[in-house]
Protein chains: 2
Amino acid sequence: MSLQPVLEAAADRKASYLDDLMQFLRIPSISTSPAHRSEMQRAAEWLAERMRAIGLRRVQLIGSGGHPIVYSEWLEAGPQAPTLLIYGHYDVQPTDPDHAWLSPPFEPSLRDGYLYARGASDDKGQHYTHLAAVDAFLRTHGKLPLNVKFFIEGEEESGSPQLEQVIRDAADQLRCDAVVISDGGFLNAHTPRIDTGVRGLVYMEVEVRGPQRDLHSGSYGGAVHNPLQVMVELLAKLHDDQGRVTVPGFYDRVRPISDEERQALKRIPFDAEQFRREEVGAPALWSGEAGYSVLERIGCRPTLEIHGIRGGFVDEGQKTVIPAMALAKVSMRLVPDQDPLEIARLFEQHIRRLAPPTVQVQVRTLSYADPALVDIHSPAVQAAVIAFRQGFGAEPVFARSGGTLPVVAYFVKTLGAPVVFLSYGLPDDNWHAPNERFKLDHFYRGINTSIIFMHTLATHASAG
Amino acid sequence: MSLQPVLEAAADRKASYLDDLMQFLRIPSISTSPAHRSEMQRAAEWLAERMRAIGLRRVQLIGSGGHPIVYSEWLEAGPQAPTLLIYGHYDVQPTDPDHAWLSPPFEPSLRDGYLYARGASDDKGQHYTHLAAVDAFLRTHGKLPLNVKFFIEGEEESGSPQLEQVIRDAADQLRCDAVVISDGGFLNAHTPRIDTGVRGLVYMEVEVRGPQRDLHSGSYGGAVHNPLQVMVELLAKLHDDQGRVTVPGFYDRVRPISDEERQALKRIPFDAEQFRREEVGAPALWSGEAGYSVLERIGCRPTLEIHGIRGGFVDEGQKTVIPAMALAKVSMRLVPDQDPLEIARLFEQHIRRLAPPTVQVQVRTLSYADPALVDIHSPAVQAAVIAFRQGFGAEPVFARSGGTLPVVAYFVKTLGAPVVFLSYGLPDDNWHAPNERFKLDHFYRGINTSIIFMHTLATHASAG
């Protein structure tokens, strides 16, 4: 099946694919917000309708009660051809702080070669490239060089609570030779990165309750242990002065970084000062966990972050309150072979040990996900290297992602299928932040890369 | 001038005085909220109109551009009679968290012998007792036994920024023999307290800025110093393990508690376990600053409290963000002879010294107030003792207030007038918290106590 006409068909339809994506982005599919339940349904149905229009078969919304997974397939390449499962997610992060957006998050806006909208890069714009690729194949040849199954979930930003069960229950339906995931990003503006692993996650809430009601600091200050003070003292003890997480047992199961991986990481072109200046913007990078480089800390080492502290008075002006309670949101990124539920237990024990008798403490686990590693020697990864070379004219590097995709562990464990990352995001795409964007050039090149990837994977599999 | 008919007149008009107070409480006079500016003006005008109706003269709104001070006077008792300045404030605290109110904060509600509303006890209900007392005198005798000047400000909850200047500028107009302040409370349900001092205050904001935008903790966790982590580590260092404030120089000017005061405090009936159980409700009291009793820590020692921390994600659900900034609101209660601006400077230096190079730190002083002590041997204080005995049938105790009233230092320094506290609040009136309330019995007895106080002060001054 010849490739060039497919790429030409994709080039002809750039405007149409962009228009599709903008429609998709206008639906505020925030999975963590109960108020957006009907919008989630609308996004799933919009996606299913697109799949039908492109020519995919057996389009269905599946799941076990949460936001549905949009499934579809095209299996007419025959049993000799490989089967590719394409994973993505149509849900997006919340948009706060809303005032910081230069254009409304759900009114896609084109500026300076970027498409600005919540979900543009994470992940609607990325997984849509594969739909466009399939469309280009079917328009050109009326068929695909391989079998495909789309599996686009709606709860990635909520920790994918139903996914493990759904994948287990539908293992026959989902059977495949490789899983492609486009939910990540380049190493830098010019260097594609193929993720060799993802971190796990456990997301905790810590609640500290002191007085039974908010108190006046004039009448009670000095006699009452302020829950915010207790909270900052607890949270400040979670790192030692070497940047290490102090939860006892936290590092026990961490697989040491192999010499091979350390050497590979050292070969990656990475300028810490440029990273600080262009991506982070802080006055200095954090030295973090002692003994590890920046890339090692981001990808291969576990971390602990505070995401927010609630309690007391934070509006403009002044209020001299000792709040009755304080609540903190804390997550830990995990690496093989840490077990999220064990870490949650150790964390809770640690907090309980540290908490003073002046308060009551509750610790809750909101979600968790296993870490996973990727087999870089699979045919799918080799096809991805070729696709990046041709689609972007660049040599990809291998590195672990610091992010979390619970689905990787589920696919690896349950389907036994090799996973490959084919990601087109950029480090400054503002994921999970105001002004999320996706570079238009990456959207179009991403479509080409997906076409080349499918073609290469089919050709090599047939040849092999 | 006979007292009994005045008390009878006040008794006859209880329903009317309560109705007046409820009208007053319906006006949401939140001085710290720019959105409530017109309500502030409405409250001031309502109060001025009441004063005119009662028969006070020279009613005027004075000030230098902030929320106006409501002034009025009645000086026809003659030059031989003492002149009493009555201070209060018609502004109230914000109402958040609004969901925690059992009845709306600005719809006064009578339940179980209490009047529930924002401002009921702090301070509309308290200073209104003096207006009712003046009304009862004028209705009964057509005159008062002494000269009075009302001075009711509208920026007490905002740190009274214009007050020092206004009192200095209007010193002639405000000249008096004593200042009475009703903006405090009983020691416990049965024991009136005459405050012998007030703490000063300095209210600070600390802002920590790290990355130039919110970052995804998966992609950056481990390489970027999370501003919330920096913040908790900074704030946790502000107390040592003995509960002392660590700001260098913080205690240098603190006047030691005299043996006489320590003994007086020990004579006060105070049950720490009952205080914990009935007022605080925490699992245990805080041991606080080592070496001092609870009452010493609340009244005579300086403290530092965290009132809120902003930054990151605190809504329901999960967001794995490393926020670009974190902001904390912190205040310090001060005692003689600490200087608020010096303490603000020391605090800022301390924060700057502690801050790591990974962030930018800003420290702002939002407001400040001097601490002050009261002369307990003045005729006004002696009249207050008699008034409490007769009005409440209880012997008052002397103790410093832990709260802050900047105006005390201004009156003492600028007018040279002795200050006396005549306060009718209760410890569980929920000041600065949801469900603020004022005990109706205290409102009515407060009116009587004010009548007796004015009568006693006039009689003693004439006799003396």
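The model is predicted: local features need pLDDT of at least 70, side-chain atom pairs count only at pLDDT 80 or more, and totals for chains, interfaces and linings use all residues. Residues are numbered from 1 along each chain as its sequence is written, while chains are lettered from A and ligands numbered from 1 in the order in which they are written.

Chain A has 15 helices and 19 strands, taken as DSSP runs numbered from the N terminus (helices H or I, at least four residues; strands E, at least two).

| Property of chain A | Value |
|---|---|
| C-alpha span along principal axes | about 80 × 50 × 45 Å |
| Buried residues | 58% of 464 residues |

A residue is buried if 20 or more other C-beta atoms, placed from the backbone, lie within 10 Å of its own. In helix α14 of chain A (residues 406-415), seven of the ten residues are buried, so the helix is largely enclosed by the rest of the structure. The buried residues include A:Pro406, A:Tyr410, A:Phe411 and A:Leu415. A:Gly416 follows α14(A) and has a positive phi, near 65°.

The contact between the chains (C-beta atoms, placed from the backbone, within 7 Å) takes 78 residues from chain A and 78 residues from chain B. On the side of chain A, β12(A) gives the largest share, seven residues.

Notes. Two residues are in contact if their C-beta atoms, placed from the backbone, lie within 7 Å. A residue is buried if 20 or more other C-beta atoms lie within 10 Å of its own, exposed if 12 or fewer, and partly exposed in between; C-beta atoms are placed from the backbone.
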